[in-house]
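Visitor: Please take me through one part of this model closely, namely the disulfides and the strands around them. A plain account will do.

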Amino acid sequence: MRATSFLLLASLLLVLLPSTEMKKPGKGRGLRGARHKLTRDRVRSGGRHSRSGPSRLVSPKCLESTESGDVFVDCQDRRLSSVPTSQTWSKQPKHLLLARNRIKVLRDGAFFGFESLTSLDLQQNQISLVEEGAFEGLTRLTTLLLQHNRLGTLSEEALIPMPNLRYLRLYDNPWKCLCPLDSLVRTIQVPSNRNLGNHARCAEPPRLKSMKLKQIDPELLCKESDPTGDPQGDQTDPAGPLDPIPIRTKPDATTACHTYLFPQVRMDCSKRGLTEVPTGIPEEVVHIDLSHNLIRHLKAREFQGARSLRTLNMSHNNMERIDTASLFGLLHLRELDMSENSLHFIQYGVLEDLYFLSQLKLGGNPWVCDYSIHYMVYWLHLHPGVRHSGLFCRSPPEHTGESVAEYVRSYNRECPKDRQYSRTDQDQTDPELWNTPMEVQGELEEELEPSHLRAPQKYQIIRLS
């Protein structure tokens, strides 16, 4: 009996073993195993989408978009350590944005599948090595941004696959101005390459530190590394080239700020410790962020060359003063952010050039509600299309928390002494002439604009007897 039971149990086990084998994942046996294998392969492949998929995601970490007919692939701020492989685009991308990642090396053939690119943004990575074949196939590329990386050298051979390259940004890299850099220096110094390598400077050796790659004598590069040269020369010279750095009285916008060319030209100058507006702002810049700096005084004509500017962010600067012509030339400005500063009032005439302004942010300032604040209310009254916020009295105590516009209305209702007529005024404004069309117009202008801000009148009323 026991033998029979044992044989039946063994037979049952032999029958069940194959079915349990089929349920083991990853073996390719059974439907569950196939599904598991398919899911695993999808994860390993980096989440590629099929060509027929409706999703706009190029990969789990990049986003595809279209502007003005050009396809952009945005992979910025994705913590990528390498260039993503070519995916299935809706169209061939023309612009690849890889700024602010963790890429350290550009290997040969890194951009296969990107043959239609016209711009490539690699700024603010950790790139220290570019192999000679890294840009192979990018024959249509016109703009290459490599600034704010860790490049010490770069061969001319790396640029050869890009015959149409017109703009090359290389500044803010620790360039080692030695013999291996000779070919690159000679290339960017060709007169026709006037937009290649501007503002890039040597970081070492000490004798050449801070010299521009555009201006350095290429013959000095190999002499510096010549072992037969005078060793004493390098020990006596370092004190010389270190002095020119403080010559710059104002920071240069190109080197002090991060510039993004696509889809619109934008400069990020925030959190740079700037004490004044940098010089050399390109004319084509559309957006500038100067927030979270230390700019206390906005001087006249600071933005004179930025004729295309649409948005300007000057918030969080502890700013105390704005000169009358500080915003001169910003005829197309749409948005202005002056919030979170130390402004008490806006001087007369500061806003006169802002014909197309549509948004004005003023919150977080200690506005003082006295006669100096009237200009702001007068200007906003004449520009009803401007959306504004944050205009509330901080002082004096009796007006704290009150809207500045309400303060001005109450001020005008009380008819303060400095607006009452003197005897001279009475002689010039006879009651018999009141309520004439010209007088009504004058009274309206006086109500809108404070007397001490009004321009001299072009006419004078004379009583004829």
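Guide: In this predicted model, Cys177 and Cys202 are joined by a disulfide with 1.8 Å between the sulfur atoms. The S-S torsion of Cys177 and Cys202 is about -95 degrees, so this disulfide is left-handed. Cys177 sits in the loop between strand S10 (175-176) and helix H3 (182-188), while Cys202 belongs to strand S11 (residues 202-204), so the bond ties together parts that are 25 residues apart in sequence. Buried here means under 20% relative accessible area. Cys177, at 0% relative accessibility, therefore counts as buried, and Cys202, at 4%, also counts as buried.

This bond is one of five disulfides found in a search of the whole structure. With bonded cysteines counted along the chain, the pattern of the disulfides is 1-2, 3-5, 4-6, 7-8, 9-10.

Another of them joins Cys257 to Cys269, with an S to S distance of 2.0 Å. For Cys257 and Cys269 the torsion about the S-S bond is about 110 degrees, so the disulfide is right-handed. Cys257 is in the loop between helix H6 (253-256) and S12, and Cys269 is in the loop between S13 and strand S14 (287-289); the two cysteines are twelve residues apart. Both Cys257 and Cys269 are buried.

S12 pairs with strand S13 (residues 266-268) in the antiparallel sense, over three bridges. Within this pairing, Thr259 has Met267 of S13 as its bridge partner. S12, S13 and S14 are among the seven strands of an open sheet with mixed pairing, in the order S12-S13-S14-S16-S18-S19-S21. Strand S12 (258-260) and strand S21 (387-389) are its edge strands, each pairing on one side only. On average, neighbouring strands of this sheet are turned by 5 degrees against each other, direction ignored.

A further disulfide is formed by Cys369 and Cys393, whose sulfur atoms are 1.8 Å apart. The torsion about the S-S bond of Cys369 and Cys393 is about -85 degrees, so this disulfide is left-handed. It links distant parts of the chain: Cys369 lies in the loop between strand S20 (367-368) and helix H7 (374-382), and Cys393 lies in strand S22 (residues 393-395), 24 residues apart. Cys369 and Cys393 are both buried.

Conventions. Residues numbered from 1 in each chain as written. Predicted model: local features only at pLDDT ≥ 70, side-chain atom pairs only at ≥ 80, totals over all residues. Heavy atoms only, no water. Pairing = 2+ DSSP bridges. Helix = DSSP H or I, 4+ residues; strand = E, 2+ residues; numbered from the N terminus. Axes fitted to C-alpha atoms, helices over the stretch in contact; angles between N-to-C directions. Disulfide = S-S within 2.5 Å. Buried < 20%, exposed > 50% of the residue type's maximum accessible area, 1.4 Å probe, protein only.
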